[in-house]
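Reader: Please take a close look at one helix residue and its surroundings, then go on to the sheet and the surface. I would like the contacts spelled out.

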Amino acid sequence: MAVWGLAQAVEQDPIQAVRAALEMQTELAAFRAEQQIALAMRVGINTGLASISHVVSTGERNVIGDAVNLASRLEHAAPVNGVLISQETYDRIHGLFDVEPQPPLTVKGKAEPVHTVVVLREKPRAFHMQTRGLAGVTTRTIGRDGELSILQTAYQRAFEGAGLQWVTVSGEAGIGKSRLLYEFEKWIELRPEDIWYFKARAWPQTEHTPYYLLRNLLSSRFQITDGDELAIARDKLTTGLAEVLGPQLGEEAAAFIGQLVGLDFRHSRWIVHIAEDTRQIRGRAAVLFRAYLAQLCADHPTVLLLEDLHWADGESLTLLADLFAEQHAWRLCVIGLARPALWERSVLWGQTDLTHPIAYHTRLDLTPLSDKSANDLARELLQRLPTPPDWLVALLVERGTGNPYFIEELVNWLIEQGVIETDTREPTRLWHVNSERLVGLSVPGTVQGVLQARLECLEPTERATLQWASVVGRAFWNGAVEYIGQCQIPGACWEALRRRDLVFHKPSSQLPGQEEFLFKHALLRDVSYEYTLKKLRRVLHKRSAEWLRQATAERVQEWAAVIATHYERADEKALAAEWYAEAGKQAQATFALDAAIGYYQQALTFLPPQNDRDLHRAVWQADLYRRLGEVLRGQARFAEATQAFETMLAVTSASGDRVAQAQAWIWLSRVHQVQGDYHAALDSAQEAEKTARELGAEVLLANALYEKGFALVRLGDVKTSLALSEQALALSVNLNVEDTLGDILNLLGGIHGMQGSYEQARHYYERALALFQKLGDRNGVRTMLNNLGEVARARGDYQAATVLYQDALTLSREIGDRLGEILSLNNLGGAQVGLGEYSAAEAVLRRVIQMADVSHGWFALSETYCFLTEACLAQGQIAEAVETARRALELGQEREASEYIGTAWRALGLVAARLTEPILVGTEQYDAVACFTESARVFAETGMEGERARTLQAWAKYAAQRGEQDQSERLQREARAIFERLGMTEEVHRSEMK
């Protein structure tokens, strides 16, 4: 017989006993194989009170009692070469070992059958959840049976094939969320089926670290620690994903997901050429994470447990909410824990919009325990008193206000005040009540009050240790606390804090060589922090930042936001600015744009005061404004982006940094472009061109010429745009600037397409396609497939266009590019109109309009309404066609986009041709001839000959319907001549048939 805790019982005793039993069986198996003998062993383990006697004559000790007797019965009942443990032991080792439940065991002397489990092995990826409660006291869950049943039902529904089931447990601090999850985990672990199991937790200090919750989820699953070298962390992620997705897709998933969560895969073949395209990286990572979950759920039911979601970073919440917003046919059960603050955040968690909850999401609000349940809990906590006095139970119920954590802490406080007497040397002994000690004591009226009272009872070293730890966060490391306190903390101090039920010791640490601890509750951490003098906090935060920088070494960038916050609270402004800038770069690299904006703004706020001689500061400031402007532009916050680039321009003008000035002008041009202000875009591009030429900076010049050409083509000056684009192309080819080259080839393809030079357009698009395929840039490939489809559609080959659009649509969904998906669907709808599939086209186009509204205005929405006008007309929906054609013109004029304006006038002409009265456009009346005339004029001015021919063809048909045969034939001849000149063979064929 082996006994743990003979001299002093510690929390790890049951875990160590089970590990020892498994190792004994392993060694025996090796011995059997080596010696070729039949030798077997059974092991039974129980946990409980025992009596110890000392035989003086022999020096032996005898251990007797009910707990020992049950251990003996378990040994006899254990399978050969197996380890059988009692429920009491299982409660203390739950989550660390794979177990197999056994039928209830009838034991002599026990009124009820005994629940047992066989321990099979230690889990390689263990989650040991330490539930709240008093140290050394195991309590039942009180008053939450109904809530537990809801979680169990959600899992069972998912397991039985009802699809994704999603529950969020919401409640105030201390109300029992963690205990409910603990009981659910125990229930899950004893299920007979194999279950994939994921767990993650958010922390207050990482609330603004993009994708931390997702990283924590993957790190827990794949045993990635913050102390792992980057190469090791990447390998663990790749191996874990490849186990499910296969080698190639697993490698790709690791690259995109790893880059998103901050493991820096920039040099991966999947990322290296698109590292700046953070939107594509985020979209593809989301698609691959979805694929990973889908495959997991196909193999086994899967459970995701997410704690403290009210502190989760917005990027992880948004990604997960988007993922779960669609009811997947997955065997997936998601359980989240949160305080009510979650529902005040902007993320639509569990709802499709502000008023429509998702049917398969359950919001489970925990309320305070009833008086009866609180009474039962109090008696459960006082189980070591032979007979708990009624007045003591009533005190706990009345003051505890139905909050389980408050009730537990009141018991702890009563122990520390001597009202409840325990033996710290023998924590398993019975307790006694000394009611006289309560006389004159003021019982705290809030949980914060009782926690503060408990802190005041601590030894100075213990209290200081908690205060230092609170600066680090709810989870902390012994090395960090010692560095902050500038002293060695004895092991007895840590043990005292653990024994007082103030901290937990985590079985494994995220940082190698460090012991990791956890405050028992977030409220305790908050009270400890507030108990620390404000003046002292600044010093402690600075030391905390210094320690983190040293401890995280190669992966310090992942902690940039946390380090910056420590420096801010330490009032170290220059260091705060430096680390907020790093946090901004990290956020920008992962498409966490809101977070990046906040960090860059913080960095600018904390920049040291202006010094005319400090060129380094000026360069740093200009770079921050550039980065801030980039991100604001990506978030469609155009006015703020313009202001950022204008400030960058002012800073660089003052410092004389002319290269940065040119960059500022280029970025200003891009902001104006995306807003549709092409005149302002042209002015900015011209300033950039002028500066670049003066500097002889050819890369900048190529970019400036591209921006200038883009603005001019939108303004209808196609000829000048073509000349500038060809200059930019020559520069980019000579300089071998591949990213810029792809954009320029795309622009040249568009210009030739507008002029009706479709072979030339196809040539440039195919060159760009080959380049983007070489670079692994799916977004670029998707764009070129769409554009090649546009060439096919412009030539009238709607069948070929449809195939290209569908390929582009598939790619858009593969990279999670919603705008790309809208574009592909829009073009597909246009091709379906050309094929005469009007009903299908209408459905697709209305879907585009719905998606574009959500995306806050899509640039080509005018074209969508034009296509929809034709689809409605073909189905006899005249009134709707009138409105859609008007809307098309309004949108085209808002953008000042000639191609859309010309197309919209043609659509209005088609509608007017079906009416007996002219159409009112603004305050003017237009008949069909007037509309066709406007359309032909716009296309003639912009050199869009192919589109002008289509307008002439539609006009010719209208003239024929009116009996104007000579006019119809003249228009038809002119249209056909253009079609033949441009090689639009399909349109020529159609005109011949007509």
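Author: Thr 465 is found in helix H15, which covers residues 460-472. The model is a predicted one. The relative accessible area of Thr 465 is 0%, and because buried means under 20%, Thr 465 counts as buried. Leaving aside residues up to four places away in sequence, Thr 465 touches Val 481, Ile 489, Cys 493, Trp 494 and Leu 497.

The sheet comes next. Five strands make up an open sheet, ordered S8-S9-S10-S7-S11, with parallel pairing. At its edges are strand S8 (196-201) and strand S11 (361-365), each of which pairs on one side only. On average, and with direction ignored, neighbouring strands of this sheet are turned by 15° against each other. In general, the strands of a sheet pair through backbone hydrogen bonds, either parallel or antiparallel.

Strand S7 (residues 165-170) runs parallel to S11 and is joined to S11 by five bridges. Thr 168 stands opposite Arg 363, a residue of S11. Towards S8, helix H6 (residues 212-222) lies across both S8 and strand S9 (302-307), and the helix runs at about 135° to S8.

The surface has a nonpolar patch of about 240 Å², made by Phe 31, Ile 37 and Leu 39. Of these, Phe 31 belongs to helix H1 (residues 13-35). Phe 31 counts as partly exposed because its relative accessibility is 37%, whereas Thr 465, at 0%, is buried.

Terms used:
Residues numbered from 1 in each chain as written. Predicted model: local features only at pLDDT ≥ 70, side-chain atom pairs only at ≥ 80, totals over all residues. Heavy atoms only, no water. Patch = residues over 30% accessible without salt bridge, like charges linked within 9 Å, V, L, I, M, F, W, Y side chains within 5 Å. Areas by Shrake-Rupley, 256 points an atom, 1.4 Å probe, with all protein chains shown as cover. Salt bridge = Lys/Arg side-chain N within 4 Å of Asp/Glu carboxyl O. Helix = DSSP H or I, 4+ residues; strand = E, 2+ residues; numbered from the N terminus. Buried < 20%, exposed > 50% of the residue type's maximum accessible area, 1.4 Å probe, protein only. Pairing = 2+ DSSP bridges. Axes fitted to C-alpha atoms, helices over the stretch in contact; angles between N-to-C directions. Contact = heavy atoms within 4.5 Å.
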